[in-house]
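This report is meant for a reader meeting the structure for the first time. It begins with the chain as a whole and then turns to selected helices and residues.

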Amino acid sequence: MGEKKRRQSALPAGGFDGRLLARALAALEAGDRGSAAAAFGILQANLPQDADALHAIGVLGLRSGDPGGALEPLSRAIALNPRQPAYRCHLAIAYRSLGLPDRAVAELEAALAMDPALAEAHSNLGNLLLERGDNEAAEVSFARALALRRDYPEALTGQGDATFALGRC
């Protein structure tokens, strides 16, 4: 049996029901990247129009240290469902990892325009702004993250870094 046939036969009759995605994510969380990659390969081969599956494949790329491999599935997920802020947040992580901070900022701003209650996105945006020297805007982003989640260690650290950079300590 060829590779494509094996991949197709691994899906339940009638198409995708979420169980394979759940198993793939569980394998990824358990550190079994080989099983996770195999499952995501099946999903990608069979579900090229499923935004959630494409997003999950992109997250696998990020978690396995391949941000370049995450770009295409995350971009496709966004093309299929442009109103999902989590897709854009993960694409921002990929862009940042690849040294493309302006693209990362644009994706985080788009995600926050859709859902301003994303504390992690505010914090990630703050870090990017801090890296490019926009310390006042970074301080605002960290303050927004902390207003949403007071016990957010990354935002607390970032806020301290921004305050220090601004000479306010």
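## The chain as a whole

Of the 169 residues in the protein chain, 40% are buried, and it should be kept in mind throughout that the model described here is predicted. The protein chain holds 10 helices and 0 strands, and, read from the N terminus on, its elements run α-α-α-α-α-α-α-α-α-α.

The accessible surface of the protein chain comes to about 8900 Å², and carbon and sulfur atoms account for 51% of that surface. When contacts between residues at least 6 apart in sequence are considered, 45% of them join residues at least 24 apart.

Helix H3, which covers residues 33-46, has 14 residues and reaches 20 Å from its first C-alpha to its last, close to the 20 Å expected at 1.5 Å a residue. Its buried residues are Ala36, Ala39, Phe40, Gly41, Ile42 and Leu43.

Helix H5, made of residues 67-80, also has its length checked: at 1.5 Å a residue its 14 residues should span 20 Å, and because its end C-alpha atoms are 20 Å apart, the two values agree. Within H5, the residues Pro67, Ala70, Pro73, Leu74, Ala77 and Ile78 are buried. As a general point, an α-helix has 3.6 residues a turn, so residues three or four places apart point the same way. The cover over the buried residues of H5 includes helix H4 (51-63), helix H6 (85-97) and helix H7 (101-114).

## Asp52 in helix H4

Asp52 is found in helix H4, and with a relative accessible area of 45% it counts as partly exposed. The side chains of Asp52 and Tyr87 are joined by a polar contact of 2.4 Å. Along the chain Asp52 and Leu80 are 28 residues apart, while their C-alpha atoms are separated by 9.4 Å.

Leu130 has its place in helix H8, residues 119-131, and it is buried, with a relative accessible area of 18%. Leaving aside neighbours within four places in sequence, Leu130 is in contact with Asn135, Ala138, Phe142, Gly158, Asp161, Ala162 and Ala165.

Asn135 lies in helix H9, residues 135-148, and is buried at a relative accessible area of 16%. If residues up to four places away in sequence are not counted, Asn135 touches Leu130, Ala162, Ala165 and Leu166. Ser141 also lies in helix H9, and it counts as buried because its relative accessibility is 4%, where the cut-off for buried is under 20%. With residues up to four places away in sequence again left out, Ser141 touches His122, Leu125, Gly126 and Leu129.

## Aromatic rings

How many aromatic pairs does a search of the whole structure find? The search finds 0 aromatic pairs. A ring does, however, take part in an arrangement with a charge, for the charged end of Arg149 sits over the ring of Tyr152, 3.9 Å from the centre of that ring.

Conventions: Residues numbered from 1 in each chain as written. Predicted model: local features only at pLDDT ≥ 70, side-chain atom pairs only at ≥ 80, totals over all residues. Heavy atoms only, no water. Phe/Tyr/Trp six-rings, centres within 6.5 Å; stacked < 30°, edge-to-face > 60°. Lys NZ or Arg CZ within 6 Å of the ring centre and 35° of its normal. Helix = DSSP H or I, 4+ residues; strand = E, 2+ residues; numbered from the N terminus. Buried < 20%, exposed > 50% of the residue type's maximum accessible area, 1.4 Å probe, protein only. Contact = heavy atoms within 4.5 Å. Expected span 1.5 Å × (residues − 1). Polar contact = N/O pair within 3.5 Å; in protein donor to acceptor, adjacent residues only side chain to side chain. Areas by Shrake-Rupley, 256 points an atom, 1.4 Å probe, with all protein chains shown as cover.
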